[in-house]
Amino acid sequence: MTDPYCVPFTLYELDIDSLTLNLSSGPSLDVSATLSNGRASYILFQHLVARLSGLRENSEGGSSDLIDDEGRGYEVKSYRDPELWPRPAFDLFHTSASSTFGPNNHGPRIKQLLDLGDYAQALEMCRLSGFDKNDFYIYTNTSGYAASIPFRYFVIPTETVLASLSKIDPRKISRTALLDMLASTVRL
């Protein structure tokens, strides 16, 4: 990776003041509240990461959200920033493909495997559903985001993600473990 804003194990921070919608008729509307709604902000933050990191949106039909010039895939996931969400209950968060959770495609089967104590088979389903399709994961602090703190993101190689998964549920990962891996911080 040649772009300086996409180096693994580096935390990138950018202050965001507000999100404004400029109307062609003249007035501007402050729509900053949109930033805290994951459904409304997911694409916005993914586009911001792409712009900052030099990656591009994946239009090639693969499972990765973003790709680099070499065709390597980057999946974007969000976590709750400990500055806003300090309780330990927010440490583990979803990192596997959305198809592995809840009532989605593989969610019920993975839950059943975990209930039966078959972690290895549950992990294999997670690998086939997404982990094996991505080379890197980009984590953003945008789950429950508020512009009162910097926008933050970092890149972790998939092999490190796999080695860091929860030993109870392979769909989840610890934000503390990930943040502890970061070697430097770059203010953008």
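The points below comment on the sheet, the charged pairs, the aromatic contacts and the surface of this predicted model.

1. The sheet. An open sheet is formed by 7 strands, which follow one another in the order β4-β5-β6-β8-β9-β1-β11, and the pairing within this sheet is mixed. The edge positions are taken by β4 (56–57) and β11, each of which has a single partner strand, so that one side of each is left without a neighbour in the sheet.

2. Strand β5 (residues 66–67) and strand β6 (residues 73–78) run in the antiparallel sense and are paired over 2 bridges. Within this pairing, Leu66 is found opposite Tyr74 in β6.

3. The structure holds 11 salt bridges, and one of them joins Arg152 to Glu13, with the closest N and O atoms 2.7 Å apart.

4. Which residues are linked with Glu13 in a network of salt bridges? The network consists of Glu13, Asp15, Asp81, Glu83, Arg152 and Arg187. In general terms, side chains of opposite charge can pair when their charged atoms come close.

5. Another salt bridge. The side chains of Arg127 and Asp132 meet in a salt bridge with an N to O distance of 3.1 Å. Arg127 is partly exposed, with a relative accessible area of 27%, and Asp132 also counts as partly exposed, at 43% relative accessibility.

6. Aromatic pairs. The structure holds 13 aromatic pairs, among them the edge-to-face pair of Tyr5 and Tyr12, for which the distance is 6.0 Å centre to centre and the angle between the planes is 85 degrees. Tyr5 is partly exposed, with a relative accessible area of 32%, while Tyr12 counts as buried because its relative accessibility is 0%. Both rings belong to one aromatic cluster, which is formed by Tyr5, Tyr12, Phe45, Tyr145, Phe151 and Tyr153.

7. Trp85 and Phe90 form an edge-to-face aromatic pair, with 5.0 Å from centre to centre and 70 degrees between the planes. Trp85 counts as partly exposed at 24% relative accessibility, and Phe90 falls into the partly exposed class at 21%; both classifications deserve a careful reading, because buried means under 20% relative accessible area. Trp85 has a further contact, in that the charged end of Arg80 sits over the ring of Trp85, 4.0 Å from its centre.

8. A nonpolar surface patch. Leu21, Leu23 and Leu29 form a nonpolar patch on the surface, and together they have about 230 Å² of accessible area. One of these residues, Leu21, lies in strand β2 (residues 20–22). Is Leu21 buried, partly exposed or exposed? Leu21 counts as partly exposed because its relative accessibility is 42%, and the class of exposed residues begins over 50%.

9. A loop glycine. Gly117 is placed in the loop between α2 (107–115) and α3 (119–129). Gly117 is exposed, because its relative accessible area is 63%. The C-alpha atoms of Gly117 and Asn22 are separated by 53 Å, and these two residues are 95 residues apart along the chain.

Key
Residues numbered from 1 in each chain as written. Predicted model: local features only at pLDDT ≥ 70, side-chain atom pairs only at ≥ 80, totals over all residues. Heavy atoms only, no water. Patch = residues over 30% accessible without salt bridge, like charges linked within 9 Å, V, L, I, M, F, W, Y side chains within 5 Å. Areas by Shrake-Rupley, 256 points an atom, 1.4 Å probe, with all protein chains shown as cover. Salt bridge = Lys/Arg side-chain N within 4 Å of Asp/Glu carboxyl O. Helix = DSSP H or I, 4+ residues; strand = E, 2+ residues; numbered from the N terminus. Buried < 20%, exposed > 50% of the residue type's maximum accessible area, 1.4 Å probe, protein only. Phe/Tyr/Trp six-rings, centres within 6.5 Å; stacked < 30°, edge-to-face > 60°. Lys NZ or Arg CZ within 6 Å of the ring centre and 35° of its normal. Pairing = 2+ DSSP bridges.
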